[in-house]
Amino acid sequence: MALFFMILRKMRKNLLLETALLVGLILTVALTAAIPVYTHSTLDRMLVKELDRYQTDNNAYAGSYVWTAYFRNSKPEQAAAKLAQADAYFDQSIPDRFPMDSLETAKLRYSKNVSFTPVDTAKVDSRINREGRLSALSGLEQHIKLVDGRLPQAAVSADGTVEALVTDRALSSLKMVLGNEFYVMSDNQQVLKIKPVGVFTVKDEHDLYWFQSLDSLRASFVLPYEAFEREITNGGKIPVLGMSWFHAFDYRSLKMGDLETLKQADEESRNYVASHFEYSSFENPMMKIVDTYEAKEARLRLMLWALNAPVLVLFAFYLFMVAGLITERQKNEISVLRSRGAARWQILAASLAESLLLGVLALLAGLPGSLLLTRVLGASSGFLVFVSRAPLYPSLNADALLYAALAVLCSVVMTLLPVWQATRSSIVARKQQLSRVRSVTFLHKYFIDLLLIGFALYGLQNYQRRMKDLTAHALDSLSFKVDPLLFLLPACFIIGFTLLLLRLYPYLLRLLYLLGKRFWSPGLYSTLIQVGRSATQYQTIMVFLSLTLATGLFSASAARTLNANAEEQIRYRYGADVSMSVAWSNDAPVAVPTLAQSGKAVSAAPVDSDKRVTYIEPPFEPVRQLPEVDAAAKVFIEDEGRVTVNGKPADSAIMGIDTDDFGRVAWMRDGLLDHSFYAYLNLIAPEPTAVLISRSLADDLKVKVGDHIQIGWEGIQQAETIVFGIVDYWPSWNPLPTPKDKAAGTAEASAPAGEAGEATKPYLVVGHLSFIQNHLERKPYEYWLKLKPGALVQELYQSIESADLSVNRIDVSRQIITERKNDPAQLAINGMMTMGFLISMLLTLIGFLLYWLLSITGRMLQFGIYRAIGITFQQLVGMLIAEQALTSAAAVCMGVGAGMVTSRLFVPLFRISFSAAEQVPPFHVIVERGDLLRLYGIAALTILIGLAALGILLSRMKLHQAVKLGED
């Protein structure tokens, strides 16, 4: 207890520094623990959204589970026993095993096919062959609506008749009316008498109970469940053919932490059915989506670590700096203890106890802070943009506790490093160190700066080589095995580049001194001497400021770049705000389906494939006149086109456009082409036979501007055109190679033979739509639309419906961009980069004020002497301003420079978040001027606050206090 109070007294002596250290520890724990918390919370929400989307797209409840089993030649008593065991398992064990509540449950039974013979042949035509099944659904009565008749009685009537329900379709397919009685014949034996007494339909179409449609009962008599069990299952009058057990689980309560339990329960239930029944099947759409989430979680977690690596390195440096300041104030005490016989481990033990105490406090405050941090991240829609979306509901998990503990452990080690270094010196060595001026720091002496830069550039070169291979072979980015060290490269480069600038900094000061040594005022001269001779003294704060600003700029640039590139890729892929196709009338023969016994279409009658289909072009004005449309264009795209050069054919996509309309609606990023996008449109506009071709076609087939080429497609005569221009990119066209196994119908001449595994280069020809329609063939084309500013997508849909346009497909870039922003990876990018930027700026302010306040406090004697020899207060403030300009302002410039260079080199690392085939237009780095202004503003505000605080501190200093301090 005495040791504990001693530690508290020691911490109270350095309360300001200890508080700053605790703040850094809390932020470190909160950010580290937030990674698994945010990963789970985001994927929880996205999992529910994906299941909701499945339900909307497929009109089927995503949380439904259907286990179906079939009997083959089982004895009635064996079948009854197996069903009783299975019912108990699915009624009792299944709800307990699955990590979700069961909202609805049902059991289905049906017999083998039987024939129905009318009891009264005078009323019912006996010549009709009536075949069907007897079925039963548990709990049916609560979920149906009677169309006619009444509900059947579960008990057998006095004359031995079993009452049943039928659907309206069953009445017509079995050619009967209510009240007709039938003998049920199985194996030519009369086994039961049945009577339909009611016609039913579904009470509520959205009822989860209906896991199958009424169409499956189109040839069934539906018995009361109790009657089926009594007469069929247990009575054995007719063999039971199939049975299904259904549960509708509340998938909205599903969490990422439940996935392992869900998979285990799913596997156990499948194994149970498969082991107890001869034949079985399963329907559970939820598992198809859940199975992909382990990979998504691993990828998202990797992305979060990548985004946070520079910030975590910054935290480590911050903790090291603050711990170094604390240790610097205790070095005399430590050296005295060492001189008096204290062992190094004893001094370290006391510091360890202090660090552990702070670590425990950081855990207690940081873990709840990670939950708050996750909520803030969940509200991020873009970089430094927050929206009022549905909140995340984060919760701590085992991974968060583990990461938080590891963060505290690493932080404790970082805070002990300066103490370990200080324990090496006795009081004599300490005084010797104070009397010596260090000209070179350890980092510069052993060229750590050059080693870090070399390591980062080597890793970058290796990454670029592997990404080039991915693109050349058209592989997905998932094929890229990510080395975790990859994400340390930006931090290593920032540190190395900053240290390199600091290595050159003394030479800059010397040059500055020499240039104006005849003109400097005494105050500025003294400041240059102070900073120049004590350059190593300022390196800690300069490195810290540079790191924080460079990290903030890197975070901002990475977020802006990834957001902009994701949006540009979507806009480029679809070419315009809206891309849609409508149905064209044609004279193509209708394929007549042939029906199997089940009534489902299984094949179609052959049609005349040699007949040329004639299409009737729909009017264009209704599309152009939609209220939300600013401009519209016709765009014809033939993916299976052919181009012939000097008699050599090749596969090529062919695009037909109206140049004026196309220029109004198409989107194209500046800088992708050698000249302006509109210049190419103007180039071909006057000449009907003019075309633009892709660079790949020009290079592979040796085509140049002015050459004549023939274009067309299979089954028509090609037309001759003239090449007016060569383009590398064109709206909606992907110039990246595609895998050979995915390139359909590639001709031998479509690409030069290469090495095995190489991808196929796509070709493109862009010509006039009118020329293609007049000289080749009139075929359906797409409509590309540019929406008016502020136009709502929902209103566009309503206008299309009001205009009675028969739309086959419609893609709205704005909607797709919104969906992309809600992707877990994109949310992580925006959230973490925003938080990294804000934390960097916060640490800049804290670290700057802390360092300079302590530094000025330690130099009060020096300032007192200045005042004593006649330096005025205004001159003293001017010296401080000059010192800040030479150190802090220089560090700001170094940080911005390091951040700019690091962003240009290392932001492309995040291309791994995109598929190689999606990286069109090519990835480019964006550094917004607004982010630079924020950085400069925050840095200027920090320096101004610091100067104001230092000025107040100096104004309160008394001359006699400085003299007294000198005497002490």
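Trainee: What does aspartate 215 count as by its relative accessibility, and at what percentage?

Mentor: Aspartate 215 counts as partly exposed, at 33% relative accessibility; buried means under 20% relative accessible area, exposed means over 50%, and partly exposed lies in between, with a 1.4 Å probe and protein chains only. Please note that this is a predicted model, in which local features need pLDDT of at least 70 and side-chain atom pairs count only at pLDDT 80 or more, whereas totals for chains, interfaces and linings use all residues. Residues are numbered from 1 along each chain as its sequence is written, and side-chain values use heavy atoms, with hydrogens and water left out.

The side chain of aspartate 215 meets that of arginine 169 in a salt bridge, at 2.0 Å from N to O. The term denotes a side-chain nitrogen of Lys or Arg within 4 Å of a carboxyl oxygen of Asp or Glu. Side chains of opposite charge can pair when their charged atoms come close. Arginine 169 is likewise partly exposed, because its relative accessible area is 45%. The two partners are 46 residues apart and link distant parts of the chain: arginine 169 sits in helix H4 (residues 168–173), while aspartate 215 sits in the loop between strand S8 (189–202) and strand S9 (220–222). Helices (H or I, at least four residues) and strands (E, at least two) are DSSP runs numbered from the N terminus.

This pair may be set beside others, for the structure holds 29 salt bridges. One of them joins aspartate 91 to lysine 107, with the closest N and O atoms 3.4 Å apart. That pair spans 16 residues and links distant parts of the chain, from helix H3 (residues 76–97), which holds aspartate 91, to strand S2 (residues 102–111), which holds lysine 107. Aspartate 91 is partly exposed at 39%, whereas lysine 107 is buried at 13%.

Lysine 634 and glutamate 617 also meet through their side chains in a salt bridge, again given as N to O, at 3.4 Å. Here 17 residues separate the partners, and distant parts of the chain are linked: lysine 634 belongs to strand S19 (residues 629–645), and glutamate 617 to the loop between strand S18 (615–616) and helix H17 (621–624). With 18% relative accessibility, lysine 634 counts as buried; glutamate 617 is partly exposed at 25%. Elsewhere, Asp87, Arg109 and Glu229 are linked in a network of salt bridges.

Threonine 32 is buried, because its relative accessible area is 6%. A polar atom of its side chain lies 2.7 Å from the backbone oxygen of threonine 28. Leaving aside residues up to four places away in sequence, threonine 32 touches Trp305, Leu312, Tyr403 and Ala407, where contact means heavy atoms within 4.5 Å.

The protein has 28 helices and 26 strands. Among its contacts with a separation of 6 or more, 82% are between residues 24 or more positions apart. The protein exposes about 46,100 Å², of which carbon and sulfur atoms supply 56%; accessible areas come from the Shrake-Rupley method with a 1.4 Å probe, and for residues only the protein chains shown count as cover.

Terms used. A polar contact is a pair of N or O atoms within 3.5 Å; within protein, one must be able to donate a hydrogen and the other to accept it, and residues adjacent in sequence count only if both atoms are side-chain atoms.
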